[in-house]
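The following exercises concern a single protein chain. Please examine the sequence and the model before working through the solutions.

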Amino acid sequence: MSGEGRDPQAIRKLAPGKLVIASHNEGKVREIRALLAPYGIEPVSAGSLGLPEPDETGTTFVANAELKAMQAADLSGLPALADDSGLCVDALGGEPGIFSARWAGPSKDFGVAMELAEKNIAGTAVEGQPAPTRDAHFVCALALAWPDGHVEWFEGRVDGTLVWPPRGANGFGYDPMFLPNGHAETFGEMAPEAKHAMSHRADAFRQLVAAVF
């Protein structure tokens with residue numbers, strides 16, 4: 001969804017040209033490049049421009065995406081697109097949520113993050129009660145900012161369940177343990193084009209494309 005209650009006619013359009021991808025996560029940068037490819041956009045990553053990573057002090061995915069996009073647009077003088085996304089596990093009350101990357105620690109080891117998620121789910125088990133639900137969903141918030149401070153945002157979601165042990169070496173982050181509803185392959189097993197067609201990021205991008213191109 002884009003900002004609720006806004007007049008669709010008031011949403012700013014994005015012209016072809018350079019666009020900063022405000023991320024230092026190469027997996028995200030690759031996915032966003034692929035999704036932008038058909039629209040005459042020249043993506044440049046924040047890392048290639050030497051832009052710093054801001055502290056993610058927001059309390060929602062949208063707030064963190066906005067602060068990253070606004071900083072990149074301000075420092076580069078170009079429009080900037082930022083993504084904030086994460087895994088929300090029902091049995092853990094929505095955790096890790098906006099802290100999904102932090103669960104991977106300073107070394108950004110998502111093998112550690114997946115083990116922590118699995119350990120925490122197991123820790124919710126109660127003797128004599130049904131096994132904890134393994135339902136989960138990914139959320140992706142996209143924020144598109146201009147150097148003058150204007151921002152548009154869009155939020156996507158995909159639902160699924162968590163498997164253990166993780167399966168597949170494709171994707172990144174928690175992808176190998178996430179099995180989207182209605183599919184037999186985890187995001188880690190899917191070919192990139194299959195994931196791009198139905199992921200939380202693809203959902204948010206469909207909304208962005210319909211609004212700004």
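**Exercise 1.** Which residues does glutamate 31 touch, not counting residues up to four places away in sequence?

*Solution.* The model is a predicted one, in which local features need pLDDT of at least 70, side-chain atom pairs count only at pLDDT 80 or more, and totals for chains, interfaces and linings use all residues. Residues are numbered from 1 along each chain as its sequence is written, and side-chain values use heavy atoms, with hydrogens and water left out.

Step 1. Locate the residue: glutamate 31 belongs to helix α1, residues 26-36. Helices (H or I, at least four residues) and strands (E, at least two) are DSSP runs, numbered from the N terminus.

Step 2. Apply the contact criterion, heavy atoms within 4.5 Å. With residues up to four places away in sequence not counted, glutamate 31 touches Phe172, Lys195, His196 and Arg201.

Step 3. Classify the accessibility of the residue. Buried means under 20% relative accessible area, exposed over 50%, and partly exposed in between (1.4 Å probe, protein chains only). Glutamate 31 has a relative accessible area of 6%, and therefore counts as buried.

**Exercise 2.** Characterise the fold and the overall dimensions of the protein chain.

*Solution.* Step 1. The protein chain contains 5 helices and 6 strands. From the N terminus on, their order is β-α-β-α-β-α-β-β-β-α-α.

Step 1. The radius of gyration is 17 Å, close to the 17 Å that the globule rule gives for 213 residues, so the protein chain is as compact as a globular protein of that length. This radius is taken over C-alpha atoms, and the rule is 2.2 Å times the number of residues to the power 0.38.

Step 2. Along the principal axes, the C-alpha atoms fill a box of roughly 60 × 35 × 35 Å.

Step 3. Of the 213 residues, 46% count as buried. Among contacts between residues at least 6 apart in sequence, 60% join residues at least 24 apart.
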